Amino acid sequence: MPTLATALLQGLKDHGARELFGIPGDFILPLFKVVEESGILPYFTLSHEPAVGFAADAAARYQSTLGVVVVTYGAGAFNVVNAVAGAYAERSPVVVVAGAPGARERTSGLLLHHQARSIDTQLAVFREITCDQAVLDDPATAPQAIARVLRSARERSLPVYIEVPRDRVDAPVAPVPVLPRRTADPDALAECAGEIAALLGRAERPVMVVDVEIRRYGLEERVATLARRLGLPVVTTFMGRGLLQAAPDVRRGTYLGSAGDPAVTRLVEEADALLLLGVILCDTNFALSEKRFDWRHTVLAIDRGVRIGHHTYPELPIEDLVDALIARAGPEIAARPRTLPPLEDYPRGLVADDTPLAPSDVAAAVNDLLDRHGPLPMTADIGDCLFVAMEIDNTALAAPGYYAGMGFGVPAGIGVAAATGQRPLILVGDGAFQMTGWELGNCRRYGLDPIVLLFNNASWEMLRVFQPESRFNDLSDWNFAAMAPALGGHGERVATRRELAAALERAIARRGMFSLIEVMLPRGATSRTLARFVTGLKSARDRQAG
Ligand SMILES: Cc1ncc(Cc2csc(CCOP(=O)(O)OP(=O)(O)O)c2C)c(N)n1
Ligand SMILES: [Mg+2]
């Protein structure tokens, strides 16, 4: 008969988890012992729990399955709150497995170490940033509780919380079942699909817009099929950048409103029907829209619901909707006779000369590199590096584009590398690197060799563009490249286009250790995309101020 620990780990694996990330502590030591000795799931420890959360989140995003963090009670669990909040905002199904005091400790009458206000404060905090929770204090009900919570994580593509009292780890329990996925009511699904087909059929200029949920539910291929069947051009949102990498025939670019490619912006804003699949209606996706949605001609499928006009179909999973629309659509039909904008042209052909580097040069150099060597999965942090990522040809990308929390980039790249065995390209600014970049020191023991592009402008530049008068945005130059060898990697500084191109080639050829390329940039210089974003935001604020 399994124990609570082995049943939980096997249950995570049966629900799609492929690894876990964590940092042990005395309240989780018994479980961590089983993690290590059972070998049910590969595990990776990092140096600080925020990184553990970011790594698990990115692993979930890249594999379209559950990410798992295992942390100790209190100090460990509270350290992962921000990463889980970001996962919630961006609909990434991270399972938080947190240690907790045992039954006898709870009644000892003493305040426990790592306890905040009450012993259950940890559960209370995670209730706010997870869609379902379970406290495994009763071996008789624990398997069903685990199954319920893991199904919630998969169905909602949101984080969940599982609390493991440390005196329950070895309790014998039944195996954790895998509960059947709850599908759409067939009649509601048929009615909804029929309504959408009619709406699209009446339209002359329909457009499909896609965002993160089509990756979370592994729908990219089916969505591309649907677009071909319906002859719909597809545009990604800012958050959805990197989606449909394998479907360049349907993809027409990324919608960035007034900050984006004008032809793509016109395609979306002049559409007479919009099919929004998995789209988060957030400011980073739509704050720069020059035209508000006309809900009479707009369909939004997200979070197991479908809104059409001003009515909603509840409990209608997006995967069922996409399948139903594909079934209704006729055979592949040639894209409607429309003049579609050319695919966005990304900067390429960087002349490797002694010109000092500007942020957008990095995009051109990376596009040239990937043209020569093939695609690499990318992660990006918050900062101008994320806007440079918008200038890199559509390659799979994990970045906190909506939640916008710094510190994500490097741990996320480590998570992708550890989970998938692929070699990621990590884009990060100096400010964000100061937060979590040191996690690169963990690459050596796991044999990971990411390539890190560190944008060093000795500045919180994204803040400076909005408040140039503030001197607190001036950072000092930490000379990060010089520290790379001590962390087990290779580091070099580049200041010209020639140096960057050569360093990238050397990094591609260098295997077995991380390669950190410190790109020296002047304060005040930003990418073209960030400059357009700032202009767009300022004019949007002026319009609102009226
Ligand atoms: C956890 C957290 N704390 C503060 C902030 C606020 C912020 C948003 S952008 C930024 C500056 C980033 O500096 P960096 O050097 O990394 O990149 P760049 O601007 O290109 O120079 C800050 C401090 C956010 N978003 N998240
Ligand atoms: Mg900076």
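Author: Between domain 1 and domain 2 the count is 4 salt bridges, a salt bridge being a side-chain nitrogen of Lys or Arg within 4 Å of a carboxyl oxygen of Asp or Glu. This is a predicted model, in which local features need pLDDT of at least 70 and side-chain atom pairs count only at pLDDT 80 or more, while totals for chains, interfaces and linings use all residues. Residues are numbered from 1 along each chain as its sequence is written, chains are lettered from A and ligands numbered from 1 in the order in which they are written, and side-chain values use heavy atoms, with hydrogens and water left out.

Side chains of opposite charge can pair when their charged atoms come close. Arg156 and Asp303 form a salt bridge in which the closest N and O atoms are 2.6 Å apart.

The most comes from α8, with 3 residues. By type, this side of domain 1 divides into 3 nonpolar, 3 polar and 6 charged residues. Here Ala, Val, Leu, Ile, Met, Phe, Trp, Tyr, Cys and Pro count as nonpolar, Asp, Glu, Lys and Arg as charged, and the others, Gly among them, as polar.

As for the domains themselves, the assignment places domain 1 at 4-165 and domain 2 at 186-328, with bounds that come from an automatic or database domain assignment. Their centres, taken over C-alpha atoms, are separated by 33 Å. To the contact (heavy atoms within 4.5 Å), domain 1 gives 12 residues and domain 2 gives 11 residues.

Together the two domains bury about 1,000 Å², of which 46% is on carbon and sulfur atoms. Buried area is the accessible area (1.4 Å probe) that two parts lose on being put together, summed over both. Of the area that domain 1 buries against domain 2, Ser64, Arg91 and Glu155 supply 47%, more than any other three residues.

Note on methods
Helices (H or I, at least four residues) and strands (E, at least two) are DSSP runs, numbered from the N terminus.
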